[in-house]
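Subject: Structure for your attention

Dear colleague,

Please find the structure below. My notes on what was found in it follow.

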Amino acid sequence: MLPVSCEAYKLIHEGAIALAQVEADGIRVDRKYLRAEITKVSIDIANAVCRIKEDKIYRLWIRRFGKQANIGSRQQLGKILFEDMGLECCQRTQTGRPAITQETLQDTKLPFVVDYLQYQKLIKVRSTYLYGILREVDPDGFLHPFYNLHIAQTYRSSCDSPNFQNIPVRDEQMMQMVRRAFLPRPGNQLIEVDYSGAEVASATCYHHDPTMVEYIVNPAKDMHRDMSRFCYMLKKSDVDKKIRGCGKGMFVFSQFYGSYYVKNAIALWDAIDELGLCKPDGTSLHKHLRRKGIRERGACTGGEPPAPKTFEAHIKAVEDYFWNDLFPVYAQWKRDWYAEYLRTASFETLTGFRFEGALDRKKVINYPIQGTAFHWLLWSLTQVVNKELAKAKMRTRVAGQIHDSIVSDGPPEERDDYLALMNHIMTKAIRDHWTWIDVPLTIDADVAPVGAPWSEKAKYKME
DNA sequence: TACTTCGGCGCC
DNA sequence: AAAGGGCGCCGAAGTA
């Protein structure tokens, strides 16, 4: 930890005090629900195991491993599928073995993997989440996760015992099963406030690309929708939520974090079938791309340049456009920032923290952006926890923090005051504190009904 | 038995 | 030239 200014030191000091308060207050958990759900999930797991054992593949499994056969062993499954059955596995692990992942299993197209993946999901929910949370609940029914400021290389926080920062949310089934366990105190409601596009805004404070500023300032513009359109050669109106999500995750953020067109092309192409991506009239995007002259994905080997008229070649063109035409200033900043690092062997965040030592290019670009975005959240947390809640004599308490969001537990009559306070701290006061924040910051809020679990949170309109 | 490493996967 | 940043937790498998 290398804070290079009094102000940077103060952020960590006051941040630690705020997080200690969050840890002490904790979050209420429904133990009865957890115990009942563990029983329920255990039955579902037993049923899934039965279905797996009825499959032909399990007979091969027994023949090959006999008494050692273990459904939980990915290594064994890999040997059966990719050695005995001779199926193709297009991903390797670090040590060169076939990678047995959700993706490579799905690629086999075997009916067996549907049951197997459901089984694995339930195992994950039961062990990491249901048991993992229940084990840490205190005698009063509260959870007190630890928030660390001395672990992450980026100057972010981390969280453990249990990790409150990786509770399922994207998978609807897992989200329901796990978030149902988190409750507000009696008579209260849970609220989650998060920075919109925190890392994009943080990055822009470094590179100042005018096109990115325009995307942030103008609510009518949408970078993810635009890039989704270009990747799949669609009209603006053809981009639905699913397609936009693919462009965002498989192109834009991948590119920001240092991935490249070959990986993007594979992910975006496979997503068409896996997620059933269609135009509004029901045309599959594969068919749509064929009409645009793209019939194949391309070799995607990374060795040779992509063959013409392949999807790979198209995504390479999108990548060139993205960095050379759309965000040239961002691209130049990346080159300059890295060159300066090579010269000095160090760099600093805008919030006043230094990095030293051997780091690769991707880390040199990503660390300051990630750390700075978190420091916005941490500063906001110090204001609300250490100062404003007490000053306003409010009963609302912060229950947790997830990198760019703050979860609170408070009485409904304080809800609108709390949201107004958070909006003031997170979007206005912070820009007086750090005047180098030269893009507007905005927040979103999710609110669960009074007495309802975290699984029932829904978008909340703030005035 | 206790510990470490690996592969995998949950979140931002 | 290379090719996804950061975490914590789990079970399996290997080692002491």
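Which residues of α11 are buried? They are Ile243, Cys246, Gly247, Phe251, Val252, Phe253, Ser254, Gln255 and Phe256, where buried means under 20% relative accessible area, exposed over 50% and partly exposed in between, with a 1.4 Å probe and protein chains only.

This is a predicted model, in which local features need pLDDT of at least 70 and side-chain atom pairs count only at pLDDT 80 or more, while totals for chains, interfaces and linings use all residues. Residues are numbered from 1 along each chain as its sequence is written, chains are lettered from A and ligands numbered from 1 in the order in which they are written, and side-chain values use heavy atoms, with hydrogens and water left out.

Helix α11 covers residues 241-257; helices (H or I, at least four residues) and strands (E, at least two) are DSSP runs, numbered from the N terminus. The 17 residues of α11 should span 24 Å at 1.5 Å a residue, and its end C-alpha atoms are 22 Å apart, which agrees. The expected span is 1.5 Å times one less than the number of residues. A kink of about 30° in α11 is centred on lysine 248, the bend being the angle between axes fitted to the seven residues ending there and the seven starting there. At the start of α11, the backbone nitrogen of lysine 242 lies within 3.1 Å of a side-chain oxygen of aspartate 240. Just after the helix, glycine 258 has a positive phi of about 110°.

The structure holds one cavity of 30 Å³ or more. The largest cavity has a volume of about 90 Å³. On a 1 Å grid over the protein atoms alone, a cavity is a set of points where a 1.4 Å probe fits but cannot get out, and a pocket is an open set with protein on both sides within 12 Å along at least five of seven lines; lining residues have an atom within 4 Å of a point. Among the residues lining the largest cavity are Phe253, Phe256 and Tyr257. The elements that give two or more residues to this lining are α8 (198-207), α11 and α16.

The second largest pocket has a volume of about 310 Å³. Of its 14 lining residues, the closest to its centre are Gln255, Gly258, Trp323, Lys334 and Arg361. α16 gives the most to this lining, with four residues.

Yours sincerely

Technical notes:
Polar contact = N/O pair within 3.5 Å; in protein donor to acceptor, adjacent residues only side chain to side chain. Points joined across faces, edges and corners; volume = space filled by probe spheres on them.
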